[in-house]
Amino acid sequence: MASQFQPIGVFDSGYGGLTILKDFISVMPEYDFIYLGDNARAPYGSRSFEVVYEYTLQAVTKLFEMGCSLVILACNTASAKALRNIQMNDLPQMDPNLRVLGVIRPAVESIGDYTGNGHVGILGTAGTVLSNSYPIELEKWSGGKVVHTTQEACPIWVPLVENNELDSPGTEYFVSKNIQNLLSADPKIDSIILGCTHYPLLMPVIRKFVPEGIQLLEQGKVVSSKLVEYLARHPEMDQRCSKSGLVKYYTTENVEIFEKNAATFIGQTVKCEKVILK
């Protein structure tokens, strides 16, 4: 066990990554975590690949400076637009012992447990859909179990969640519309990946419009179990992670605003500090 505070870093552009962190804490309560939200520059979904990469690298670097050896990009947009570059180009120069993982591949590797006919739907932000990361990774990592992938961009969902419009008629309208678009594009879809960490908060509405028999893959549950497996396979990394059950929260935005909104996502009151990324 590490003697000093060496947490697992969890990064998201906004608040959605807190749904991932919530599952981490539930499954791995003994581990230490730092959550960093770049709320001042969120959302990332509509930003270019170059900008998302630049911002994500700044956040990852900050988390390394804070003592993290392992960082999880709990953000589909950052995972889609920045992860590969950071893994291939930046980590070897920074420190080959440091690791950055994303949320897309764990979902992709698990989809075989959900689909029976290989027709998979993706609901995500415009940026994630535009990146084509899910179709590419599904072809590579699904073990041939996925034969057809259909994507639907849901640009209104994140603002609805972040403005706490979970139960509004407008939310029902847009969720219904996007799901109908997806299922109309491929009526054979039997499983859907919720490709954004905000979407678990919309689950009651999503379930209302997704027909029974269609499986929904929530990333938090899948990513947390895959992280446990990863640390079991890499004991050298596990030994570098301190385990005293501490969780610290940082934001690039106003602390009071973060603390108020974070409670919606993680289900408890949190204390936060402000940090500057550059």
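1. In the residue classes used here, Ala, Val, Leu, Ile, Met, Phe, Trp, Tyr, Cys and Pro count as nonpolar, Asp, Glu, Lys and Arg as charged, and the others, Gly among them, as polar. By these classes the lining of the largest pocket comprises 16 nonpolar, seven polar and 10 charged residues; the model in question is a predicted one.

2. The largest pocket has a volume of about 780 Å³, and of the 33 residues that line this pocket, Leu83, Gln87, Gly102, Arg105 and Glu137 lie nearest its centre. At least two lining residues come from each of α2, α3 (76-81), α4, α5 (104-110), α7 (133-141) and α11 (219-233), with α11 giving the largest share, six residues.

3. Two of the helices that contribute to this lining, α2 and α4, also meet each other: the axes of α2 (residues 49-65) and α4 (residues 83-94) come within 12 Å and cross at roughly 40°, and the two helices are therefore oblique to each other. The crossing of α2 and α4 is right-handed.

4. On the α2 side of this contact stand Tyr53, Thr56, Leu57, Val60, Thr61 and Phe64, which meet Asn85, Ile86, Asp90, Leu91 and Met94 of α4. Sorted by class, the residues of the contact are seven nonpolar, three polar and one charged.

5. The second largest pocket holds about 340 Å³ of space and is lined by 25 residues, with Pro43, Tyr44, Gly45, Thr125 and Val158 nearest its centre. Helices α3, α6 (126-131) and α8 (157-162) each supply at least two residues of this lining, which divides into 11 nonpolar, 12 polar and two charged residues.

Note on methods:
Residues are numbered from 1 along each chain as its sequence is written. This is a predicted model: local features need pLDDT of at least 70, side-chain atom pairs count only at pLDDT 80 or more; totals for chains, interfaces and linings use all residues. Side-chain values use heavy atoms; hydrogens and water are left out. Axes are lines fitted to C-alpha atoms, for helices over the stretch in contact, and angles run from 0 to 180 degrees between N-to-C directions. Helices (H or I, at least four residues) and strands (E, at least two) are DSSP runs, numbered from the N terminus. Angles under 35 degrees count as roughly parallel, over 145 as roughly antiparallel, 65 to 115 as roughly perpendicular and the rest as oblique. A crossing is left-handed if the near helix is turned anticlockwise from the far one by less than a right angle, and right-handed if clockwise. Contact means heavy atoms within 4.5 Å. On a 1 Å grid over the protein atoms alone, a cavity is a set of points where a 1.4 Å probe fits but cannot get out, and a pocket is an open set with protein on both sides within 12 Å along at least five of seven lines; lining residues have an atom within 4 Å of a point. Grid points are joined across faces, edges and corners, and a volume is the space filled by probe spheres set on the points.
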